[in-house]
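Please examine the sequence and the three-dimensional structure shown here. The explanation that follows leads from one residue to its surroundings.

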Amino acid sequence: MRVAVVMGSKSDYPKLEEGINFLKKYDVEVIVRVLSAHRTPRELEEFIQKIDNEVDVIIAAAGKAAHLPGVIAANTLIPVVGLPIKSSTMDGLDSLLSMVQMPSGIPVATVTIDSGLNAVLMAMQIMSIKYPKLKKDLKAYRKEMADKVLNDDENLRG
């Protein structure tokens, strides 16, 4: 079980850190890279070729024009989860729209702006088809979330 996490800029890392730690908690190996679709296109292409048979899902985080997930998706058949990052422009809406407006034939699964955890959960759900252990882990995680909500409800009602 292996996920590649690629971000267009090191400044995106804080939005990914919680998710990366979540993957490690569930024994998913993580490859983390900073590669830009615009500033390091050759290195990005080399990386995609290198990991083509080594990872199950790629999470690509980018802000502004946010071409990174689409460029990665265009160069591999590995599922790509796009994570739009809120930048100084348009509160991340520009990034979100760049990711969800992919042309027919090159899909990118896209999650909420700045939600590294949701990107990881989507990646784990995709991998759970192949790895039954992850399906069990995700079921347990959802039960923990439900239990917390019910506990909070009970505490509020007294």
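Ser-9 lies in the loop that links strand E1 (2–7) to helix H1 (13–25); helices (H or I, at least four residues) and strands (E, at least two) are DSSP runs, numbered from the N terminus. The model is predicted: local features need pLDDT of at least 70 and side-chain atom pairs 80 or more, whereas totals for chains, interfaces and linings use all residues. Residues are numbered from 1 along each chain as its sequence is written, and side-chain values use heavy atoms, without hydrogens and water.

Ser-9 counts as partly exposed because its relative accessibility is 25% (buried means under 20% relative accessible area, exposed over 50%, partly exposed in between, with a 1.4 Å probe and protein chains only). The side chains of Ser-9 and Ser-11 are joined by a polar contact of 3.0 Å, that is, a pair of N or O atoms within 3.5 Å, one able to donate a hydrogen and the other to accept it; residues adjacent in sequence count only if both atoms are side-chain atoms.

Arg-39 is found in the loop between strand E2 (29–34) and helix H2 (41–51). Since its relative accessibility is 64%, Arg-39 counts as exposed. Its side chain reaches the backbone oxygen of Gly-8 at 3.0 Å.

In an unreviewed entry, UniProt lists Ser-9, Asp-12 and Arg-39 under "binding site"; such annotations may be inferred rather than shown by experiment. The lining of the largest pocket includes Ser-9, Asp-12 and Arg-39 from this set. A pocket is an open set of points on a 1 Å grid over the protein atoms alone, where a 1.4 Å probe fits, with protein on both sides within 12 Å along at least five of seven lines; lining residues have an atom within 4 Å of a point.
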